[in-house]
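Hi,

Here is the structure I promised to pass on to you. Have a look at it first, and then read my notes below with the picture open beside you.

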Amino acid sequence: MTKPIYVLNGPNLNRLGQREPAIYGHTTLAQVEALCRQAAGARPIQFRQTNSETQMIDWIHEAIDQGSGIVINPAAYSFTSIAILDALKMFPGPIVELHISNIYRREEIYHHSLMSRAATAVIAGLGAKGYAVAVQSVVDLVEGGTRDASDIASHGLPST
């Protein structure tokens with residue numbers, strides 16, 4: 001049985017499409033889920049959103065036991081949650097941290113994600129389309145049998 005990719009979304013992402021569309025766009029979370037499922041092809045997806053740090057940690061623990069990779073948009077927890085970072089550090093597979101906006105073009109408070117320390121790769125600023133890139137990247141890493149993004153080129157993707 002193929003292990004799923006967990007796509008985990010943090011606080012306020014349930015408001016996508018309505019929340020600050022100048023920053024986050026008009027794409028809804030349901031539309032993001034459809035993008036992820038399409039990008040995953042036949043690989044199963046566990047797509048989830050929570051406003052609770054505790055729930056996010058529980059899902060990461062579940063992914064440790066049952067998942068092949070994680071795409072995580074921790075939202076505000078990116079900058080505050082050592083507990084989520086500690087959970088991610090236990091995950092043995094690839095982790096792609098995702099931000100819809102370019103966090104480095106925003107206020108200083110958004111420039112220092114704790115989660116990046118556990119992430120295989122970070123995607124920021126591609127809008128909702130970044131989810132498809134993140135999911136496809138995790139699929140490629142899982143199918144290539146690696147957690148290291150530097151090995152992607154040797155597993156079938158063109159090198160740059």
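**What I found**

In this predicted model, strand β1 (residues 5–9) runs parallel to strand β3 (residues 69–73), and the two pair over five bridges. Within that pair, Val7 sits opposite Val71 of β3. As a reminder, strands of a sheet pair through backbone hydrogen bonds, in either a parallel or an antiparallel way.

Now zoom out to the whole sheet. It is open and has five strands, in the order β2-β1-β3-β4-β5, with parallel pairing. At the edges you will find β2 (45–49) and β5 (121–124), each of which pairs on one side only. From one strand to the next, the twist averages 15°.

Helix α2 (residues 29–40) touches β1 and β2, and its direction makes about 160° with that of β2. Helix α5 (residues 129–143) touches β1, β2, β3, β4 (95–99) and β5, and makes about 160° with the direction of β3.

Next, please look at α3 (53–66). This helix has 14 residues and spans 20 Å from its first C-alpha to its last, close to the 20 Å expected at 1.5 Å a residue. Which of its residues are buried? They are Met56, Ile57, Trp59, Ile60 and Ala63. Seen down the axis, these buried residues of α3 fall within an arc of 160°, so they line one face of the helix. The general idea behind such a pattern is that an α-helix has 3.6 residues a turn, so residues three or four places apart point the same way. The buried residues of α3 pack against β1, β2, β3 and α4, while the face turned away from them carries the exposed residues Thr54 and Asp65.

Helix α4 (residues 82–89) has Ile84, Leu85, Ala87 and Leu88 as its buried residues. They cover an arc of only 160° around the axis, which puts them on the same side of α4. On the other side of α4, Ile82 and Lys89 are exposed. The buried residues of α4 pack against α3, β3 and β4.

Finally, find Pro11, in the loop between β1 and α1 (21–24). Pro11 is buried, with a relative accessible area of 10%. Pro11 and Thr50 are 39 residues apart in sequence, yet their C-alpha atoms are 5.8 Å apart in space.

Enjoy exploring!

Conventions
Residues numbered from 1 in each chain as written. Predicted model: local features only at pLDDT ≥ 70, side-chain atom pairs only at ≥ 80, totals over all residues. Heavy atoms only, no water. Pairing = 2+ DSSP bridges. Helix = DSSP H or I, 4+ residues; strand = E, 2+ residues; numbered from the N terminus. Axes fitted to C-alpha atoms, helices over the stretch in contact; angles between N-to-C directions. Contact = heavy atoms within 4.5 Å. Buried < 20%, exposed > 50% of the residue type's maximum accessible area, 1.4 Å probe, protein only. Arc of directions from axis to C-beta. Expected span 1.5 Å × (residues − 1).
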